[in-house]
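The sequence and structure come next.

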Amino acid sequence: MQPRNMSMSGVVDLAAVKAAGEAKAKAEQARAESARQAARGGGGVSAGAVAPSALVIDVDEAGFERDVIQLSAEVPVVLDFWAEWCEPCKQLSPLLERLTVEANGRLVLAKVDVEANQMLMQQFGIQGIPAVFAVVAGQVLPLFQGLAPEQQIRETLAQLVQVAEERFGLIGIEVDPNAEGAGPGAADAVAEAPAGPHDALLEAAVVALDAGDLGGAVQAYKNVLADDPGNTEARLGLAQAELLVRVQDMNPQAVRTAAAENPRDPAAQIAAADLDLVGGHVEDAFGRLVDTVRVTFGDDRDSVRLRLLELFEVIGADDPRVTAARTALARVLF
């Protein structure tokens, strides 16, 4: 069935959403260019890309807030509690390091020497080592204790990555594909243009979005994602189109009045945040929802958190306002 055309005139400002998409594309281009410059010796790894060796870190009590809690707002952090005298640790730790590097930025491994960090061991209630936990968006998740088979560990880490992405919108950090230790073919993945089997669909979605045919745009983006779930352009475009669908019939004055009169009402705050974002007030939208997460619980809190993650998709993970809001969200949740 052909989607009907829907006029957006006088309802929302498409320019703000388009600008967000352009900023996302520019950030990705800049990140790729930084990686190329690093390969040519242009000053090492860029601020947005790390060497694979940086994915494995040693942490202590003094730096735990910075190196684990804050970092977990960007990428899941796996905690490996070990000691020099622990023989199983000597088998498990190298395996965790290898699997972390293979994950290519979707995980960070933080190693904790329990002999030097007794307080952390007590805070986590550890009775024996090796013990492995994860911190995701400030929340602690126990993974396993003792030496487990490699396949079981792989499956556990894969589930952790999936939960981090689906529930918290964490897609990891960029790994410099030209640094020593990067996986095979990583440099080629940056240097080559993305494969374009869906270019026609993506272009059709953009044309539909510009014309106000939101149903057509949403369906085109969904068609791309059905074949290529990781397609960044389609995910961003779908988030934008669905945002416009949500606000097209809103009465802005009524929405803002309801939000002002009901500061703890999740639905009222979510609707106002959508309007904030479409109007270009990105920090206001994020701040409104973070504040609402702070004062809500259970299903209400979860609905607000999920909408916030959707709005992160509209702006793009590389935007510093998204990074700041992720950190604020992690603090509230923790």
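Thr296 counts as buried because its relative accessibility is 4%, and buried means under 20%. The model is a predicted one. Thr296 sits in the loop that joins helix H12 (282-295) to H13. When neighbours within four places in sequence are left aside, Thr296 is in contact with Arg264, Pro266 and Arg301.

Helix H11 (residues 266-278) packs against helix H13 (residues 298-315) at an angle of about 10°, and the two axes are 10 Å apart. Angles under 35 degrees count as roughly parallel, and H11 and H13 are therefore roughly parallel to each other. By class, the residues of the contact of H11 with H13 are eight nonpolar, one polar and three charged.

H12 and helix H14 (residues 320-333) pack at an angle of about 10°, with axes 9 Å apart. H12 and H14 are therefore roughly parallel to each other as well. H12 contributes Val282, Glu283, Phe286, Val290, Val293 and Arg294 to the contact. From H14 come Arg321, Val322, Ala325, Ala328, Leu329, Val332 and Leu333. What classes do the residues of the contact of H12 with H14 divide into? There are ten nonpolar and three charged residues, and no polar ones.

**The disulfide**

In general terms, a disulfide is a covalent bond between the sulfur atoms of two cysteines. The count for this model comes to one disulfide. The disulfide is formed by Cys86 and Cys89, whose sulfur atoms are 2.4 Å apart. This pair passes the distance rule because a disulfide is taken as a pair of cysteine sulfur atoms within 2.5 Å. Is the disulfide of Cys86 and Cys89 right-handed or left-handed? The torsion about the S-S bond is about 80°, so the disulfide is right-handed. Both cysteines have values under the 20% cut-off for buried residues: Cys86 is buried at 3% relative accessibility, and Cys89 is buried at 2%.

**Backbone geometry in loops**

The peptide bond from Ile129 to Pro130 is cis, with omega near 0°. Pro130 belongs to the loop between helix H4 (118-123) and strand E5 (131-136).

Asn104 has a positive phi of about 55°, although Asn104 is not a glycine. Asn104 is placed in the loop between helix H3 (87-102) and strand E4 (108-113). At 44% relative accessibility, Asn104 counts as partly exposed, a class that lies between the 20% and 50% cut-offs.

Ala137 also has a positive phi, about 50°, without being a glycine. The loop that holds Ala137 runs between E5 and strand E6 (139-145). Ala137 counts as buried, with 5% relative accessibility.

**A buried strand residue**

Val112 is part of strand E4. The relative accessible area of Val112 is 0%, so Val112 is buried. Not counting residues up to four places away in sequence, Val112 touches Val59, Leu79, Asp80, Phe81, Trp82, Asn117 and Leu120. Val112 and Glu61 are 51 residues apart along the chain, and their C-alpha atoms are separated by 8.9 Å.

The accessibility values given above are listed here.

| Residue | Relative accessibility | Class |
|---|---|---|
| Cys86 | 3% | buried |
| Cys89 | 2% | buried |
| Asn104 | 44% | partly exposed |
| Val112 | 0% | buried |
| Ala137 | 5% | buried |
| Thr296 | 4% | buried |

**The chain as a whole**

The chain holds 14 helices and seven strands. Of its 334 residues, 46% are buried. The accessible surface of the chain is about 16500 Å², and carbon and sulfur atoms account for 51% of that surface. Among the contacts in the chain with a separation of 6 or more, 71% are between residues 24 or more positions apart.

Definitions and conventions: Residues are numbered from 1 along each chain as its sequence is written. This is a predicted model: local features need pLDDT of at least 70, side-chain atom pairs count only at pLDDT 80 or more; totals for chains, interfaces and linings use all residues. Side-chain values use heavy atoms; hydrogens and water are left out. Helices (H or I, at least four residues) and strands (E, at least two) are DSSP runs, numbered from the N terminus. Buried means under 20% relative accessible area, exposed over 50%, partly exposed in between (1.4 Å probe, protein chains only). Contact means heavy atoms within 4.5 Å. Accessible areas come from the Shrake-Rupley method with a 1.4 Å probe; for residues, only the protein chains shown count as cover. Axes are lines fitted to C-alpha atoms, for helices over the stretch in contact, and angles run from 0 to 180 degrees between N-to-C directions. Angles under 35 degrees count as roughly parallel, over 145 as roughly antiparallel, 65 to 115 as roughly perpendicular and the rest as oblique. Ala, Val, Leu, Ile, Met, Phe, Trp, Tyr, Cys and Pro count as nonpolar, Asp, Glu, Lys and Arg as charged, and the others, Gly among them, as polar.
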